[in-house]
Each structure stands twice: as C-alpha cells, then as structure tokens.
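Subject: Structure handover

Hi,

Here is the structure I promised to pass on. Please open it alongside this email.

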Amino acid sequence: MVGAGVFGAWTAHHLKRQGKKVLLVDAYGPGNSRASSGGESRVIRMGYGADEIYTRWAMRALGMWQDFFDRIGQPLFHRTGFLWLARERSPQDEATQSVFEMLGVPFERLSRAELEKRYPQINFGPVGWGLLEPESGVLMARRAAQAVVRDAVKLGVEFASEAVSTPKGRGRLVALRTESGGTLSAEKFAFACGPWLPKVFPELLRDRIFPTRQEVFFFGVPAGDQRFAPPHLPGWFDRGEEFYGIPDLESRGFKAACDRHGAPFDPDTGERVVTAEGLEETRQFVARRFPALKDAPLLEARVCQYENTSNGDFLIDRHPEFENVWVVGGGSGHGFKHGPVVGEYLAARIIEGGAVEPRFLLEAKSKTKSRAVY
Ligand SMILES: Cc1cc2nc3c(=O)[nH]c(=O)nc-3n(C[C@H](O)[C@H](O)[C@H](O)COP(=O)(O)OP(=O)(O)OC[C@H]3O[C@@H](n4cnc5c(N)ncnc54)[C@H](O)[C@@H]3O)c2cc1C
C-alpha cells in the first residue's frame, strides 16, 4: 500500500483485519504537513445534493469513525452539527433534503426567521433558509489519520518511510523501486497517493487529477465569547458565496475558507504561504456574515491542496496496464470523511475482485473540468 493518508491508512487497516499481510509506505509520513489529510480538521456531513451514493457512504463512515474513536479511546470527532445556508431557490439543497427524507438522515429545515432566532451571531444577508444536520460534525483530521495508521500497525501492518518510484512495464507488477534504491515486492499493489497521483502516474493521470492550491484561515474569537464555538455554532457552508467554516474547536480559532478551486499546485515543492488577497477576501466574507468577527485577528493559516477529478467523483480502479495494481484518490475536497468506507470498498475489491461502481472508474474521468460533486 503506497500512501498513508486517510485512504491508504484505512485500506491497509481493512486489509489487515481481513488477515492479509500488509506493508504501508509513505514518503513523508502519515498525515504529514504536505498531505491532504494533514490538516487540523475536516467536516463530516451527509448532504450531497442528489448524489445519494456519497450520502450513503458518509452515513456509514460516520458510524465507522465513531466506533473507531470509541475503541481507541480518543475523542477525535466533535458533533458540532452542520448547517447548509441556502438561497431562496437552491435545487442542490432541495435535493439534499429529498435524499435525507429517503434515507432517514436526521435534519431540520429552518426558515429565515428560525435561523435568525437560533443563530443571532450570523448576519444572513441573502440566505433564504437553512438545512441543519444535527448529528454531523468535524473530524480532527491529521490526528485521526495518524491514529488509523498507529492502530493498523498494532494489528500487524508493517510501516516504512519510503518514496516509491513510478512502476515501469506492463502485465504483472512484481516489485516497486524506491527512491532510496531498494525494491518492495508484493502480490498486489495499491497507490493512494492523493495529490501526488499525477506525479506517480504522469501519463495516466496528468490530465485526470488536478491538484489545486487552497487557503485556510483560523481567526481569533473575542475573549470569553462562546458564540463561535459548539454548541452555539455548527460547521457551515454558504453555497451562494462558496465559503465554508468550522466553529472554534479545541480553542484553535474560527476556521473559514473559500471552496472555489485555486491555482494548480505541486504538493512536493509548493510553498505554503497564504496570499494577502486570499486573506482579505476571507476577512471580508467573515465580516459580512459574522459581524462580531469583523476585526478578528488571524491566528493561523494553512495552504493545502485539493486533488480534483474532473467532476469531483472519486477514482477507484485498476491500473489499465498492470493487472495487480490499484489506484485510489481524487478526494476532490470532500474525501476525508469517507476514508473508512473507501478503505473498506477498496480492500474488498482487492481481495474478492468484482465490478467497481462505474462513476469511480478511470474511464469515467473526463479531461475537461466540470465540477458537479460537492
Ligand atoms: C483545505 C482542505 C479542506 C478539506 N475539507 C474537507 C472536509 O471538510 N471534509 C472532507 O471530507 N474532506 C475535505 N478535504 C479533502 C480531504 O482532505 C482529502 O480528500 C483526503 O484527505 C485525501 O486523502 P488521500 O489519502 O487521498 O491523500 P493524502 O492525505 O494526500 O495522502 C497521500 C499520501 O501519499 C504519500 N505519497 C505520495 N506519493 C508517494 C510516493 N511516491 N511514495 C510514497 N508515498 C507517497 C504522501 O506522502 C501522502 O501521505 C479537504 C481538503 C483540503 C486540502
């Protein structure tokens, strides 16, 4: 298994639990600062518009994360709730509500007046109504991914710090070469290299996975003010403005970020310094929607990267030139929450074979960008 981000870590974990011998390697370490899984926190919410498959997966994943954290005794999930801020006419949010009704996801539809009463710290501007997922919340991402690797190692997965080179040839892959000059042999291989996938497989994925630079900001809340922490504020997404945020968790600050795709980004060499323009745009949004944070100081900022497929669907497929090589990734800014289910799904395909859901296949990955899954 190459890559110990959330997808690789969970796949290794599931494979081991099925009794397989597993070697997990990572070039920079589990949940490292360059990895997409290396951020402080990630939202786990059920809403996916009409894309029911991701709602089903998120429902299953939430239970699996909770069971895992209970078992290891680490509270790395915060049930903050998650609030969709919808414009008056919002087909995507209406579709989310229909899927929730069909699948039995707990939710509350809140009118503008109810929103204002419940969240007086928000200035709703053009927001028409809201959809609250009370059971959803936030995963402490870096620590959660690292905990999965630690637990996998406890179960018997072997971990090695190695950077793997692009496999050469075709047919049956026998061994991988590492940058340190060694070789790693296995019966089957899986690459969960996140935003590095187009570098590991340039010919195959250069035009199918597009890593983009994303800026994240943590603002300081006023002293003694609980309005921006749970239970007073849930995670939220303002669809009209394409901004999302996470309340002040573990006193790290109020997190806000723009969800629009940024510039192309190289996860190895990219400098992780935010831009003055990005900070200014985020500050202006925060001042508009959360007036009490108008002058909030910036406490921390991060540059991470999304690894986008053309439309946001995951990639889970065999490498077309190697019969025993799998490729998984394309988390596209929404993959973290699904880690346990992606790992379960891939481990089952690796062990038992069987058809892969068509929308995850390589052939479904267009070279033309048209974002559809959020
Ligand atoms: C700012 C931001 C906000 C996000 N918000 C959310 C959210 O709220 N909710 C959500 O569900 N998702 C969110 N996501 C998306 C989510 O974080 C990613 O989809 C997910 O973490 C991807 O995991 P991964 O395992 O595919 O990749 P990664 O975590 O990047 O892991 C890949 C690993 O492969 C290793 N690797 C790469 N190349 C090699 C090699 N040649 N040899 C050995 N090792 C190698 C790397 O070192 C790395 O550790 C967000 C992402 C970002 C950037």
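This is a predicted model: local features need pLDDT of at least 70, side-chain atom pairs count only at pLDDT 80 or more; totals for chains, interfaces and linings use all residues.

**The eight-stranded sheet**

Start with the open sheet of 8 strands. Its order is S5-S6-S4-S13-S14-S15-S12-S16, and the pairing is mixed. Strand S5 (108-111) and strand S16 (298-308) form the edges. Each of these two pairs on one side only. On average, neighbouring strands are turned by 20° against each other, direction ignored.

Two helices to look at pack on this sheet. Helix H3 (residues 91-103) touches strand S4 (82-87), S5 and strand S6 (127-133). The direction of H3 makes about 30° with that of S6. Helix H8 (residues 276-289) also packs on the sheet. H8 touches S4, S6, S12, strand S13 (235-238), strand S14 (243-246), S15 and S16. Its direction makes about 50° with that of S12.

**Strand S12**

How many of its residues are buried? The count is 10 of the 10 residues, so S12 is largely enclosed by the rest of the structure. Both faces are covered by this. Phe210, Thr212, Gln214, Val216 and Phe218 point one way, and all are buried. Pro211, Arg213, Glu215, Phe217 and Phe219 point the other way, and all of these are buried as well. Note that Arg213 and Glu215 are among them.

Phe217 stands opposite Ala256 in S15. S12 also pairs with S16, again in the antiparallel sense, over 10 bridges. Here the bridge partner of Phe218 is Glu300 in S16.

**The three-stranded sheet**

Next comes an open sheet of 3 strands. The order is S11-S18-S17, with mixed pairing. The edge strands are strand S11 (189-191) and strand S17 (315-318), each pairing on one side only. The twist averages 15° from one strand to the next.

S17 pairs with strand S18 (residues 325-329) in the antiparallel sense, over 4 bridges. Leu315 stands opposite Gly329 in S18. Helix H9 packs on this sheet and touches S11, S17 and S18. The direction of H9 makes about 165° with that of S18.

**Helix H1 against helix H9**

H9 (residues 339-352) also packs with helix H1 (residues 6-17). Their axes are 7 Å apart, at an angle of about 55°. H1 and H9 are therefore oblique to each other. The crossing of H1 and H9 is right-handed.

Which residues meet? From H1 they are Val6, Phe7, Trp10, Thr11, His14 and Leu15. From H9 they are Gly339, Pro340, Val342, Gly343, Glu344, Leu346, Ala347, Ile350 and Ile351. The contact divides into 10 nonpolar, 4 polar and 1 charged residue.

**Gly335**

Just one glycine to point out here. Gly335 sits in the loop between S18 and H9. Is it buried or exposed? At 7% relative accessibility, Gly335 counts as buried, because the cut-off is under 20%. Leaving aside neighbours within four places in sequence, Gly335 is in contact with Phe7 and Phe314. Phe7 is also one of the H1 residues that meet H9. For scale, Gly335 and Leu110 are 225 residues apart in sequence. In space they are 27 Å apart, C-alpha to C-alpha.

**Helix H2 against helix H5**

One more helix pair remains. Helix H2 (residues 52-72) and helix H5 (residues 141-155) pack at an angle of about 65°. Their axes are 11 Å apart. The crossing of H2 and H5 is left-handed. Trp65, Phe68, Phe69, Arg71 and Ile72 in H2 meet Ala144, Ala147, Val148 and Asp151 in H5. This contact divides into 7 nonpolar, no polar and 2 charged residues.

Best wishes

Methods: Residues are numbered from 1 along each chain as its sequence is written. Side-chain values use heavy atoms; hydrogens and water are left out. Axes are lines fitted to C-alpha atoms, for helices over the stretch in contact, and angles run from 0 to 180 degrees between N-to-C directions. Angles under 35 degrees count as roughly parallel, over 145 as roughly antiparallel, 65 to 115 as roughly perpendicular and the rest as oblique. A crossing is left-handed if the near helix is turned anticlockwise from the far one by less than a right angle, and right-handed if clockwise. Contact means heavy atoms within 4.5 Å. Ala, Val, Leu, Ile, Met, Phe, Trp, Tyr, Cys and Pro count as nonpolar, Asp, Glu, Lys and Arg as charged, and the others, Gly among them, as polar. Two strands pair if DSSP finds at least two bridges between them. Buried means under 20% relative accessible area, exposed over 50%, partly exposed in between (1.4 Å probe, protein chains only).
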